[in-house]
Amino acid sequence: MIRVLIADDQTIVRAGLSVILGAEADLDVVGEAADGAEAIALTRSLRPDVVCMDIRMPGTDGIAATRAISADAELDTEVLVLTTFDIDDDVFAALEAGAAGFLLKGADEATLVAAIRSVAAGEGTLDQRLTRRILREFTARRRAPQPPAALPVALTEREHDVLALLAEGLSNSEIAARLYVEPTTVKYHLAQILQKTGARDRLQAVLWGIRAGAIEVR
């Protein structure tokens, strides 16, 4: 079972998401939070696998809550950001704060459920229609590349290839087809990338690659 916490300041949104997710055999909605502070507290007490996090909430917003959850070494919880807006400062701030995925609230039920499963599996997700737009904008906004000083990273040529294709929003099977290798080989290289960069998931690995100047999104 994938344990899910819903964080949104609108009661009707929480109720709707709870009904949708509760209908899935492998998803268990373990709690609901009306703001970021409550989301942090419930995440620490309930230990969900995924938090579906709204960005704009009163008091402690979703960005601060995402940062607190992602930075807590005792938690093994991923954050899936749900928002009405696709390209704005809040979205980029949430990604920088450690969100594992990003989805528009207008996404259909199947896409939402698939995104939660993907994030829970450590794969991360972005609405694939928006991936390149978001990452291009992220690239344009970044300052001079600053790779993590505490972790000198030397990616192999194949790891670099995989990272670049991750930035296109491709799945493991799509990357395997592009590189003419088996999906298990892609999973191995991805595991190596995550270990070397210290990233929590594939999305954060891509963001690391952009910050470090290892890849560019055009």
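# Reading a predicted fold, feature by feature

Author: Buried means under 20% relative accessible area, exposed means over 50%, and partly exposed is in between, using a 1.4 Å probe and protein chains only. The model is predicted, so local features need pLDDT of at least 70 and side-chain atom pairs count only at pLDDT 80 or more, while totals for chains, interfaces and linings use all residues. Residues are numbered from 1 along each chain as its sequence is written, and side-chain values use heavy atoms, leaving out hydrogens and water.

Reader: Where is the place of Asp54, and which residues is Asp54 in contact with, leaving aside its neighbours within four places in sequence?

Author: Asp54 belongs to strand S3, residues 50-54. Helices (H or I, at least four residues) and strands (E, at least two) are DSSP runs, numbered from the N terminus. Contact means heavy atoms within 4.5 Å. With neighbours within four places in sequence set aside, Asp54 is in contact with Ala7, Asp8, Asp9, Gly62, Leu82 and Lys105.

Reader: Let's zoom out. How many helices and strands does the secondary structure of the protein chain come to?

Author: The protein chain has ten helices and six strands. Of its 218 residues, 46% count as buried. Among contacts between residues at least 6 apart in sequence, 69% join residues at least 24 apart.

Reader: How do I read a pair of packed helices, and at what angle do H3 and H4 pack?

Author: Two packed helices are described by the angle between their axes and the distance between the axes. Here the axes are lines fitted to C-alpha atoms, for helices over the stretch in contact, and angles run from 0 to 180 degrees between N-to-C directions. For helix H3 (residues 62-71) and helix H4 (residues 89-97), the angle is about 10 degrees and the axes are 8 Å apart. H3 and H4 are therefore roughly parallel to each other. Angles under 35 degrees count as roughly parallel, over 145 as roughly antiparallel, 65 to 115 as roughly perpendicular and the rest as oblique.

Reader: Which residues in H3 and H4 meet?

Author: From H3 come Ile63, Thr66, Arg67 and Ser70, and they meet Asp90, Ala93, Ala94 and Ala97 in H4. By class, the residues of this contact divide into four nonpolar, two polar and two charged. Ala, Val, Leu, Ile, Met, Phe, Trp, Tyr, Cys and Pro count as nonpolar, Asp, Glu, Lys and Arg as charged, and the others, Gly among them, as polar. Look at Ala93, which is partly exposed, with a relative accessible area of 26%. Ala93 and Thr66 are 27 residues apart in sequence, and their C-alpha atoms are 9.7 Å apart in space.

Reader: What about the sides of a helix? Which are the buried residues of helix H8?

Author: An α-helix has 3.6 residues a turn, so residues three or four places apart point the same way. In helix H8 (residues 172-179), the buried residues are Asn172, Ile175, Ala176 and Leu179. They cover an arc of only 100 degrees around the axis, which puts them on the same side of H8. That arc is taken from the directions from the helix axis to the C-beta atoms. The cover over the buried residues of H8 includes helix H7 (157-166), helix H9 (183-197) and helix H10 (202-212).

Reader: How do the axes of H8 and H9 cross, and what does Asn172 touch beyond residues up to four places away in sequence?

Author: The axes of H8 and H9 come within 8 Å and cross at roughly 105 degrees. That makes H8 roughly perpendicular to H9. Asn172, Ile175 and Ala176 of H8 make this contact with Pro183, Val186, Lys187 and Leu190 of H9. The classes here are five nonpolar, one polar and one charged. As for Asn172, it is buried at a relative accessible area of 14%. Not counting residues up to four places away in sequence, Asn172 touches Val186, Lys187, Leu190 and Arg202. The C-alpha atoms of Asn172 and Pro183 are separated by 5.8 Å, with the two residues eleven apart along the chain.

Reader: One for the backbone: where is Tyr180 found, and is Tyr180 exposed or buried?

Author: Most residues other than glycine have a negative phi, and most peptide bonds are trans. Tyr180, in the loop between H8 and H9, has a positive phi of about 60 degrees although it is not a glycine. Tyr180 counts as exposed, at 77% relative accessibility. Arg47 also has a positive phi, of about 50 degrees, and is not a glycine. Arg47 sits in the loop between helix H2 (36-46) and S3, and it is partly exposed, with a relative accessible area of 40%.
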